[in-house]
Each structure stands twice: as structure tokens, then as C-alpha cells.
Amino acid sequence: MSAATEPTAELIDAFRALYGREPAGVWAAPGRVNLIGEYTDFNEGFVMPLALPHTAVAAVARRDDGVLRLHSADIEGPVVELAVDSLTPRSDGGWAAYPAGVVWALRDAGHAVGGADLHLASTVPTGAGLSSSAALEVVTALALDDLYELGLSRRELALLAQRAENAFVGVPCGVMDQMASAACEPGHALHLDCRDLSVRQVPFDLAADGLTLLVVDTRVKHALGDGAYAERRAGCEAGARALGVSHLRDVPFAELPAALDRLSDEKVRRYVRHVVSDDHRVERVIALLDAGDVRGIGPVLIEGHASLRDDLRISCPELDLVVETACAAGALGARMTGGGFGGSAIVLAEAADAEFLTKSVQEAFAAAGYAAPRVFPAVASAGARRL
């Protein structure tokens, strides 16, 4: 099954076999890759993700008896049956916590969701920094919004999905992943202001310029619930307090050197330097794209990787090898993307060079004794939708 092919018929057949009735519909929500702007979202800064063709897909039917039944085509195990009145944050660390958390968040916000039957399948690689969890959350939220006629906006759906991950699952993520899954449009990157959640759809049709954006999944699994992400978030918040601002977004890039001079904690200084400079990199990429200079964003991606590696310190040898190898082999730019400690990197390249770059990275991984990476093009795709 290809990433771009949503398995609607087989999902419906499996739903019938599991639950003995017809689903009310099938919904899809994509994973995302972030072009630029990392660890800036919870600092109320700027990000620029695009939706992948890879999706989480859900066949869903409404229930009004207070029962939530969940099943995944991708994970061995029986149907998970839960009582919606008994959903408790952080009670289960498994995959079912993501859709269950959305039901909890909807009910906690006052929406009368009485239960549902869900059967889910996903082509979003897990642990690859491509927001497989946000795709699960958003597809659940969109389906329940439709079935219970809640009338929620994409912004509201994203915020509820984020609340599910923050409060129910226990990962203190920002809102970028859920907004990207809910609101991206085909052929565009999403310029998102994480303070007011205003969005601008920025044309991003690389094929028209003879370019491609490759995603290299290192297959090094990352897990944001292990404390490293939370530690960096806490460090950013400490930096904002020390500088007398509500969030690091309020530190102007031009004043960054003076701001850093006021910070005594070396670790906090590094975190602040990354966030303020990465916000500025988002602005630079927007300006380049608006000017039609798509190739010009390559060096900005390389700068971003250096900042993530050296200041935020969330890279790993495999991610560094992708960036070094791709750039040495002629890529326009490359950087790690997502939460770090594994996961994926992106490579901006001439389309004609994609095969050579892919081979170069694969050979470098083999020479280093690493597992073979997964390489595929990131084509800016549609956000969440009913199929």
C-alpha cells in the first residue's frame, strides 16, 4: 500500500468484521514534515510545516451508550473497549491513549460525545518525527466533530488534539503538529504564528522549480515522552523569565546578543539562542519563497541543523550523517526535522540529483554500520478531510 493510497475499502471491510455494522464514514489526517522552525511553537513563535501524503485513516461510527471501542490495523491486539465516563489522563501509555485522549478532551471541553467505534490504519512512520501521533488525534477529532455535529473550526480541532497529547498522554508538545495535520493545503507550506494561530498558505510547488524535498527516516526511534523534550521546554521558559518576557518569541533577533549577555546559565543561553535564531530563519525562508528564490532556502536549512545540533543538542550521529553526506553530494540544503533524538532529516535538492543523493546517503549509512534509512519525497499534501 503506497503512502498516498488511503485503504478505504479494506478499512471498511475490517470495521464490519470487527464491529458487525457499517461505519458512518472514513476520515483521513496527514503526518507532517517541518520545513523550518523547530522548538519555536511552544515559545509562541513561528513554524513552517507541510502535510505529507502519508495519513492516519479512520472508519468510525457513533455510539450513544458511553462506550468507546478502538482498534488499530497496524498493532497486534484486540479491540480496546473503554467507558467514556472513566477516561483518565495518563492512565495508559499505549497507542489507544491518542484517540481516547481526544474523546476525553472533547468531553472535558463540554461537548456531548457519547462514544464511538473506531478502526484506524496509518501510513505515517512512527517514531520518525513526522507526527504520527498528531495524525491519530486529528483524524479522531475530525470524525467525531462530523458525527456529533459539533461545528468546530480547524483551529479548535487542533487545540483539542493538542490538549489530548499534553494533558491525557502527557507529552508537552506545542500546537504545530496538530495545526499542520488539520489545516495544511496541497501544494503549500503552512506559515503558522503559534501565538494567535493565524495561518498563511505559502505556495510550495517544488516540482515546478525542478526541485524535490527528500525525507530521510533514519529509523532511529525517538520518543518525546522521555523527558528530554520537557527539559528543553523548561529551559526555554526559564530563559523567558530571566529576560522578562512572556515567551522567547518576544526577544527580537537584533537584540539577541544583548539578551544572551544577561543569561548566566550556559544551557539556557544555548536554548534561547536557538529559538530566537530559528524564528528568524522562518522569516528568512518566507522572504526567499515570496521572492521566488526557492533554492536560496538551502543554506538556511543547513544553519538550522547546526543550531539544533550545537545549541539545542537534539541531533544524533545518524541525523548528522544524513546532512553531511547530502550536502557533500550536492544537495542545496539539509537539516534534521521534528523533535530530535532520532527521527528524520529533510534534504532539498535538484530533482535530477535525487537518485544520486539517496544512494549516497544509503551507502554512507552502510559504511557506518547503521540500519538502512527510508528515503521518500515530501510532496505538500492536503490536511485532514472526510474521504
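## Helices H8 and H9

H8 and H9 pack at about 170°, their axes 10 Å apart. Axes are lines fitted to C-alpha atoms, for helices over the stretch in contact, and angles run from 0 to 180 degrees between N-to-C directions. H8 and H9 are therefore roughly antiparallel to each other. (Angles under 35 degrees count as roughly parallel, over 145 as roughly antiparallel, 65 to 115 as roughly perpendicular and the rest as oblique.)

On the H8 side, the contact residues include Arg 270, Tyr 271, Arg 281 and Leu 288. Their partners in H9 include Val 300, Glu 303, Asp 310 and Leu 312. Contact means heavy atoms within 4.5 Å. The H8 and H9 contact residues divide into six nonpolar, four polar and eight charged. Ala, Val, Leu, Ile, Met, Phe, Trp, Tyr, Cys and Pro count as nonpolar, Asp, Glu, Lys and Arg as charged, and the others, Gly among them, as polar.

## Model and confidence

This is a predicted model: local features need pLDDT of at least 70, side-chain atom pairs count only at pLDDT 80 or more, and totals for chains, interfaces and linings use all residues. Residues are numbered from 1 along each chain as its sequence is written, and side-chain values use heavy atoms, with hydrogens and water left out.

The chain averages a pLDDT of 95 (the predictor's confidence in each residue, from 0 to 100), and 97% of the residues score at least 70. Over residues 1-5 the pLDDT is below 50.

## Overall build

The chain has eleven helices and 13 strands. Helices (H or I, at least four residues) and strands (E, at least two) are DSSP runs, numbered from the N terminus. The C-alpha atoms fill a box of roughly 60 × 50 × 40 Å along the principal axes.

## Helices H9 and H10

H9 spans residues 298-312 and H10 residues 317-328. Their axes come within 11 Å and cross at roughly 155°. That makes H9 roughly antiparallel to H10.

Ile 302, His 305 and Arg 309 in H9 meet Leu 319, Asp 320, Val 323 and Cys 327 in H10. By class, this contact has four nonpolar, one polar and two charged residues.

## Helices H6 and H8

H6 covers residues 228-243, and H8 covers residues 266-290. Here the axes come within 9 Å and cross at roughly 90°. That makes H6 roughly perpendicular to H8.

Residues of H6 in this contact include Glu 231, Arg 232, Cys 236 and Leu 243. They face an H8 set that includes Lys 267, Val 268 and Tyr 271. The residues of the H6 and H8 contact are seven nonpolar, two polar and three charged.
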